[in-house]
Each structure stands twice: as C-alpha cells, then as structure tokens.
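Hello,

Here is the structure I promised to pass on. Please have a look at it first, and then read my notes below.

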Amino acid sequence: MWWKVVQRGKKHITLNLSKPQGREIFLRMIKDFDVLVENFRPGTLEKWGLGPEDLERAGANLAMVRISGYGQTGPYRSRPGFGTAAEAMSGFAHLNGFPDGPPIFPSTTLADGVASLWGVIGALSSSLASTRLGGTRGVEVIDVALFESLFRIVPTQLSTYQQFGEIQNRPGNYLGSHGVLRNTYGSRDGRYFIVAAVGPVAIRRILVGAKADHLLPVLDQGVMHNPNTETVYEFLSQCDQHLTRWAVQHDYEQLISDLDAAGAVFSPVYTAEDIYNDPQYRARDDVVTVNDPDLGTFTMQGIVPKFPQREHAIRHAGGRQGQDNQVFYGEMGYSSVQIGAMQREGVI
C-alpha cells in the first residue's frame, strides 16, 4: 500500500550508481533535470564520484536535496537514521502522549513526511533564486536532516528551557497549561470528537454549544486576561470537566449539532471509513481512485495543494521497479541490445 501511494505518477527506472557505466549514464542524464533528491548516508555519492562538485563539472544546473538522518555535517553525520530516531531526538516523542505514560511515537511516517516538505521548500526556493539569476546556479545543496525537520516545528520546548529552566512534558490532549481549551471527549454512543479554542471569543462559542451557562459570566468578566495564570488554568479545568460530563450525557449527533449551531471549532476523530465517505474530502477530490494493473481500482489521497486553474490528475499508482527502463533509456538513445546488456551486467 505504501509503495502504491508514495511512488505514484513516477517513471520507474533502475540504475546502479556504484558501477562505472552507471555513473556515466547518471552524469549524462542529470543535465536534463532541475531537482535531484537523494537519501544515501552522507559521503556515499562522493565515494562514487557523484558529489555536488562532480555533478557541477558534468554540467548539472539543479537543486540537490540531500535527506539524511542527521545532516551532512556534525558528529552524527555518519550515523544511519530513520524517522523514528528523528522523532526521538527532536523532542517530539517526549512531548507526545499522556503525563502518566511513556513517550508516544506517531503511527505513521511523520518525520519523513515533514522532512520531505522542508526539502520541497528548499528546492522551490533554489529554483526561484535560479530564475532570478538567469537560470545559472550550478548545483545548490539543500541539506535536510530528519531530526532537524521535526525539531523545527515544535515551537517552544527550547525557548522554555532556556528562559525558565523548565523541561516541557507530555500534556495529553488537554492543553489548559497552554492557556488553550482543547481536549478529546467521548459521546454517550461511543464516538470521539475534539473541541479547540484560543481566546475568549472562541471559548465562549464552545461553552454556549455545551450549555455551560454557569461558566459564561466568569468568561465575560475577563478571566482569560487575569494576570494570575493559576486562575486561568482553574477556569479552563472547570470548562474541561463540564465538557466531559456534557459529552457522555448525549449522543454524538446532538453534540455536534449544538457545537455547530454555536459556531464552535470541533471535529469528529475520523477513521479511514469516515474519510472515505466524507463529503468535504470528496468535494475537494481528496479521495481519488485510479485503475491499477495489480489491484484493479486503487483509492488514495488526492493532490495537495490545489491549483484551481490547473487540472489535477494522478496518472497511475506506484509500479514495479525498472518497469520503464526500456522506454526511458531508449529515449536517451540506447538500443534494445545495449539495454539488454546493461541489464545482464547489473548496470540497470
């Protein structure tokens, strides 16, 4: 399933870069591309004579996105790394979970996904700068470390430690200590949903929807602006306790109807089935189905972000490694005899 989604829309070719002929073919083809993404351990491409300087001498003019566990520099650069190690080192896992439990790691490839987005940002920035410079940049390296990418989007852990000597700990779903009304609640009929509010206006909408009439006067008297943070925390705790009691007394449909009528921010906790059937996902073409030779119809995520003036189309799901070798290398000028020889020799 992972391969079918992540490798969608790509040409699937193989090339052994460690062989002299593979290196020669790579240096020939690289001149036709704008972006190169690689995730070898630092120093591997240099060992094969395919580092940035080698590519530049061969005439490459591109953004070289280098994704590794710990980056191209520093004492950990040679360590192998996967997303889970990055989630541990970045501080994310320490902050994720409930106060009385162990650190919790995400159940999906979070660090890898976040790193890929930083890589895209770097490649696009490089391409924009190249355009402004008249298209000449040589090979510009974008150095993306898995741990660094996730570390960058956890906003306050470092500054809180530096300013106050405080190590932030796992808060669970309740964020009253951040001055925010947010938590997960369970309905009478066993559905889960969240509410989230920052500031008195948004909090008021939740309290109106949850029929918390006894808390509204306190809010309207300015409790959220009280300089005593403990007073704010106590008020938010009272809100949370009321929401917990209110939720278990009503079925889910009634709860979300009341919150929706009040203009509150809320959301059910979606399962894959919920996503598959949701009209908002469908309206935005976020759930799409393509024909696949292996699986028949195959449903996956749509294209993000949207370009309203362009057509969004996923050509195909991920295919077999090397399935496009004949066409791709044929277009480069290699004959079928040469391609067959390269296959036998392990070049492709």
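A word on naming before we start: helices (H or I, at least four residues) and strands (E, at least two) are DSSP runs, numbered from the N terminus. Helix α12 covers residues 229–248, and Y233 lies in it. This is a predicted model, in which local features need pLDDT of at least 70 and side-chain atom pairs count only at pLDDT 80 or more, while totals for chains, interfaces and linings use all residues. Residues are numbered from 1 along each chain as its sequence is written, and side-chain values use heavy atoms, with hydrogens and water left out.

Let me stay with Y233. It is partly exposed, with a relative accessible area of 30%; buried means under 20%, exposed over 50%, and partly exposed in between (1.4 Å probe, protein chains only). Not counting residues up to four places away in sequence, Y233 touches Y174, G176, S177 and G179, where contact means heavy atoms within 4.5 Å. Its C-alpha atom is separated by 9.5 Å from that of L175, 58 residues apart along the chain.

L175 also turns up at the second largest pocket, as one of the lining residues closest to its centre, along with L95, Q168, P171 and H178. A pocket here is an open set of points on a 1 Å grid over the protein atoms alone, where a 1.4 Å probe fits, with protein on both sides within 12 Å along at least five of seven lines; lining residues have an atom within 4 Å of a point. Helices α6 (92–95) and α9 (157–164) each give two or more residues to this lining.

Q157 is in helix α9 and counts as buried, at 18% relative accessibility. The side chain of Q157 reaches the backbone oxygen of S90 at 2.8 Å. Again leaving aside residues up to four places away in sequence, Q157 touches S90, G91, L95, F151 and Q168.

Now to the strands, which pair if DSSP finds at least two bridges between them. β4 (residues 181–186) and β5 pair in the antiparallel sense over six bridges, and G186 has Y192 in β5 as its bridge partner. Five residues lie between the strands of this hairpin, where G190 takes a positive phi near 85°. β5 is also joined by three bridges to β6 (residues 266–268), again antiparallel, with S267 in β6 as the partner of I194. β5 (residues 192–197) has F193, V195 and A197 on a covered face, and Y192, I194 and A196 on an uncovered one.

Best wishes

Technical notes: A polar contact is a pair of N or O atoms within 3.5 Å; within protein, one must be able to donate a hydrogen and the other to accept it, and residues adjacent in sequence count only if both atoms are side-chain atoms.
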